[in-house]
Amino acid sequence: MLYRASRAALICPVPPSRMGVTCGGRLNLSRGNLQSPSDSGRETEREADMSLTDKDKAAVKALWAKISKSADAIGAEALGRLVTVYPQTKTYFAHWPDLSASSPSVKNHGKKIMGGVTLAVAKIDDLTNGLLDLSELHAFKLRVDPANFKLLSHCLLVVIAAMFPNDFTPEAHVSMDKFLCNLALGLSERYR
Amino acid sequence: MVKWTEEERQTIRSVWEKVDIDETGPQLIARALIVYPWTERYFGTFGDIFTTSAILTNAKVATHGKVVLRALDRAVKNLDNITETYAALSRLHYEKLKVDPDNFRLLADCITITIACKLKAALNPQVQATWQKFLSAVVEAMNNQYK
C-alpha cells in the first residue's frame with residue numbers, strides 16, 4: 001500500500017492531509033473528509049488513486065465525444081509540445097532525424113499515442129487491466145521513466161484547452177486530469 | 001539567476017499583454033480550486049468554496065485571482081530580479097499563510113492552461129516552452145524563502 005502510494009506520488013499530485021484545517025483555524029468539513037485511524041491505510045490508497053467517479057467518467061466521455069475527431073492533431077501537437085517544453089524527453093527519440101514539433105516522425109507518433117488514449121477511454125471502467133499490454137510495452141521494451149507520463153498529460157491538457165476552450169471547463173479539466181493520472185498509473189502497473 | 005534571451009523577453013511580454021487581469025484572474029483561482037480541491041485549505045475566510053457553482057460565483061475568489069496576476073505582472077516587469085522581487089511574498093506564504101509550495105507548481109500549470117484557453121494557437125509549442133520557463137522561475141522564487 002505504501003509502495004502504491006509512493007508510485008502514485010511520482011505520477012499524480014497527492015493532496016496534503018484531508019483533515020482540512022484551514023490556515024484560519026476553522027475545521028473544513030467539506031466533502032465529508034474526516035479520517036479515522038483505522039481508515040488511514042485505505043484512505044492513503046484512495047488518495048493516491050484519486051479514482052474516477054461516475055461523474056468523472058461521464059465528463060471524460062462527454063469531452064472525448066467532442067474532441068475525438070481531432071485526436072490525430074491533438075496527439076501530434078501534444079508530443080511536439082512535450083519535446084519542446086521538456087527537452088529532456090528528446091532522449092527517448094534520439095533515433096528520429098527531426099525532433100521539431102512539425103516533423104512527420106513526431107506527428108505520426110503523436111497519432112499512435114492518441115490511439116492509446118482512445119483505448120483508455122474505452123476501458124475507463126478497468127484501466128489497470130485494459131492497459132496491461134501497453135504497460136508491458138512501456139516497462140520492458142520502451143523503458144520510459146514514468147515521471148514523463150505527467151509531463152505528457154500536462155501537454156495534452158494544454159492542447160485540449162487551446163483547441164476546445166469552451167468545452168474545457170474547470171469541471172471537464174478536473175475529470176480529464178484525474179483520468180490521465182489513472183491512465184498513467186495503469187501504464188506503470190508492470191514496471192516493478 | 002535565470003538568463004533570458006531578447007527573444008524570450010519579447011515572448012513573455014507578448015503573452016502577458018494578451019492577458020486581461022480582470023477577465024483571467026477570476027478564472028484562474030476558480031480553476032485551481034475546482035481541479036485541485038485540497039487548495040481549499042488556504043481560503044478558510046472566503047465563505048462558500050465547496051461546490052463548483054459556489055466557487056465560480058464567489059467574489060473573494062475572483063478578487064484573489066486578480067491579486068495573484070498583479071503579482072505576476074511584477075515578475076514580468078522584473079525578469080532579471082524575480083527572486084528578490086518575490087522574497088517578501090515567499091516569506092509571507094511560508095511563515096504566515098503556511099502554503100505547501102507544491103501548490104505553486106499546480107497554480108503555475110493552471111495559469112498555463114487558463115492562458116491556453118484564451119490565446120489558443122498563439123500559445124504555440126515554442127511560446128509555451130518560454131512561458132513555462134518564466135513560470136518555473138516564478139515558482140522557484142516563491143520557494144526561495146522556505147527554509
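How close do the axes of helix α2 of chain B and helix α7 of chain B come, and at what angle do they cross?

1. Basis. This is a predicted model, in which local features need pLDDT of at least 70, side-chain atom pairs count only at pLDDT 80 or more, and totals for chains, interfaces and linings use all residues. Residues are numbered from 1 along each chain as its sequence is written, chains are lettered from A and ligands numbered from 1 in the order in which they are written, and side-chain values use heavy atoms, with hydrogens and water left out.

2. Helix pair α2(B) and α7(B). The axes of α2 (residues 21-35) and α7 (residues 102-119) of chain B come within 9 Å and cross at roughly 130°. That makes α2(B) oblique to α7(B); angles under 35 degrees count as roughly parallel, over 145 as roughly antiparallel, 65 to 115 as roughly perpendicular and the rest as oblique. The crossing is right-handed. Axes are lines fitted to C-alpha atoms, for helices over the stretch in contact, with angles from 0 to 180 degrees between N-to-C directions. Helices are DSSP runs (H or I, at least four residues), numbered from the N terminus.

3. Residues of that contact (heavy atoms within 4.5 Å). From α2(B) come Glu23(B), Thr24(B), Gln27(B), Leu28(B), Ile29(B), Arg31(B) and Ala32(B), and α7(B) supplies Leu107(B), Cys110(B), Ile111(B), Ile113(B), Thr114(B), Cys117(B) and Lys118(B). By class, the contact of α2(B) with α7(B) has 8 nonpolar, 3 polar and 3 charged residues. Here Ala, Val, Leu, Ile, Met, Phe, Trp, Tyr, Cys and Pro count as nonpolar, Asp, Glu, Lys and Arg as charged, and the others, Gly among them, as polar.

4. Burial and length of α2(B). In α2(B), 11 of its 15 residues are buried, where buried means under 20% relative accessible area, exposed over 50% and partly exposed in between (1.4 Å probe, protein chains only). Among the buried residues are Ile21(B), Gly25(B), Leu28(B), Arg31(B) and Val35(B). Their cover includes α9 (170-187) of chain A, together with α1 (6-16), α3 (52-57), α4 (59-77) and α7 of chain B. The 15 residues of α2(B) should span 21 Å at 1.5 Å a residue, and the end C-alpha atoms are 20 Å apart, which agrees. The expected span is 1.5 Å times one less than the number of residues.

5. Positive phi. Most residues other than glycine have a negative phi. Lys98(B) has a phi near 55° and is in the loop between α6 (87-96) and α7 of chain B. Lys98(B) is exposed, at 57% relative accessible area. Lys120(B), with phi near 50°, is in the loop between α7 and α8 (125-143) of chain B. Lys120(B) is partly exposed, at 40%.

6. Thr112(B) is in α7 of chain B and is buried at 0% relative accessibility. Leaving aside neighbours within four places in sequence, the contacts of Thr112(B) include His154(A), Val158(A), Leu123(B) and Trp131(B). Thr130(B), in α8 of chain B, is buried at 7% relative accessibility. With neighbours within four places in sequence again left aside, Thr130(B) is in contact with Glu8(B), Thr11(B) and Ile12(B).

7. A crossing in chain A. The axes of α4 (residues 71-85) and α5 (residues 104-122) of chain A come within 7 Å and cross at roughly 115°. α4(A) passes α5(A) in a right-handed crossing. A crossing is right-handed if the near helix is turned clockwise from the far one by less than a right angle, and left-handed if anticlockwise.

Terms used. Helices (H or I, at least four residues) and strands (E, at least two) are DSSP runs, numbered from the N terminus.
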